[in-house]
Amino acid sequence: MRPQVLRASLRPFAALVSALLLVLSACRREPPPPSAEYEQATRQFRELYAQKLDDAYLDPQMGSIEAKLQRVPQDSLDAPSAQELLQRIQKNRARMQESLVARQKAVASAHEVVPNAPSTTLAPPPPPPPAEAVDAGPPDAGPVNGPQTGTPANELVAGFRGCFKRGTPINVEGRGIRDAWELTDSTACRLEYPGHPDTVLIVEEGRVLMLLPKSSVRTVTRTLDAGTEPPAGTDAGR
């Protein structure tokens with residue numbers, strides 16, 4: 001009788017040991033694998049944002065990045081991060097679209113003539129000089145430092161060490177309202193681009209149209225009846 005009693009008393013311990021083995025087995029499960037789609041999406045996002053900053057959220061390439069993030073498996077190690085980046089893209093796209101609409105409305109309203117409303121007007125550029133015989137001239141002094149006529153506008157955003165900022169749009173006679181850029185007021189930028197502190201860059205169709213001295217920008221007052229009259233003490237110019 002004693003051996004039978006001993007076996008019966010050991011049964012609860014055997015059940016407890018089995019339960020502990022199941023728990024330990026569950027704890028030793030391998031973590032979920034990382035996602036290749038997430039790795040590709042984040043790399044593409046970083047490269048695009050480095051080129052265009054916040055304008056990247058409106059770039060068509062962002063759709064490809066969102067598609068990769070949506071394909072990240074739910075049981076992947078990167079699933080939470082993929083959802084977080086996807087929400088960030090959607091939120092900032094909505095913000096940039098609202099800013100774009102507001103900017104377009106501001107440009108459209110600038111074309112309307114408001115009585116006694118001051119506006120900044122730039123005289124049209126002079127006609128190009130007649131073509132002359134090609135002269136070899138002195139040796140090339142090397143590339144010009146800073147943006148020049150024809151420089152793509154997106155390089156003003158992501159290039160030139162971030163030394164150029166968007167200024168107040170300027171009404172170019174014969175062309176209408178155009179975006180204007182100028183050098184940031186910092187010692188490092190003035191030393192890096194010494195030819196641009198007193199220069200305004202006029203942008204048209206995605207490129208720098210011309211570089212003009214700030215002194216050539218004239219502020220005039222527009223009226224409906226009397227035409228264009230310069231403010232007191234200001235030369236009317238051409």
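## Exercises on a predicted model

Cysteine 163 is buried, at a relative accessible area of 4%; buried means under 20% relative accessible area, exposed over 50%, partly exposed in between (1.4 Å probe, protein chains only). This is a predicted model, in which local features need pLDDT of at least 70, side-chain atom pairs count only at pLDDT 80 or more, and totals for chains, interfaces and linings use all residues. Residues are numbered from 1 along each chain as its sequence is written, and side-chain values use heavy atoms, with hydrogens and water left out.

**Exercise 1.** Find which residue is joined to cysteine 163 by a disulfide, and state the handedness of the bond.

*Solution.*
Step 1. A disulfide is a covalent bond between the sulfur atoms of two cysteines; here the criterion is a pair of cysteine sulfur atoms within 2.5 Å.
Step 2. The partner is cysteine 189, with an S to S distance of 2.1 Å. The structure holds one disulfide.
Step 3. The torsion about the S-S bond is about -80°, so the disulfide is left-handed.
Step 4. Cysteine 163 is in the loop between α5 (153-158) and β2 (164-166), and cysteine 189 is in helix α6 (residues 187-192), so the pair ties together parts that are 26 residues apart in sequence. Helices (H or I, at least four residues) and strands (E, at least two) are DSSP runs, numbered from the N terminus.
Step 5. Cysteine 189 is also buried, with a relative accessible area of 7%.

**Exercise 2.** Determine which strands pair with β4 and in which sense.

*Solution.*
Step 1. Two strands pair if DSSP finds at least two bridges between them.
Step 2. Three bridges join β2 to β4 (residues 176-183), and the two run antiparallel. Lysine 165 stands opposite glutamate 182 in β4.
Step 3. β3 (residues 170-172) and β4 are antiparallel, with three bridges. Valine 172 faces glycine 176 in β4.
Step 4. The hairpin of β3 and β4 has three residues between the strands, and glycine 174 there takes a positive phi near 85°.
Step 5. β5 (residues 199-204) pairs with β4 in the antiparallel sense over three bridges. Aspartate 179 has valine 203 in β5 as its bridge partner.

**Exercise 3.** Work out how the buried residues of α3 are arranged around the helix axis.

*Solution.*
Step 1. In α3 (residues 61-70), Met62, Ile65, Glu66, Lys68 and Leu69 are buried.
Step 2. Seen down the axis, these residues fall within an arc of 160°, so they line one face of the helix. The arc is that of the directions from the helix axis to the C-beta atoms.
Step 3. An α-helix has 3.6 residues a turn, so residues three or four places apart point the same way.
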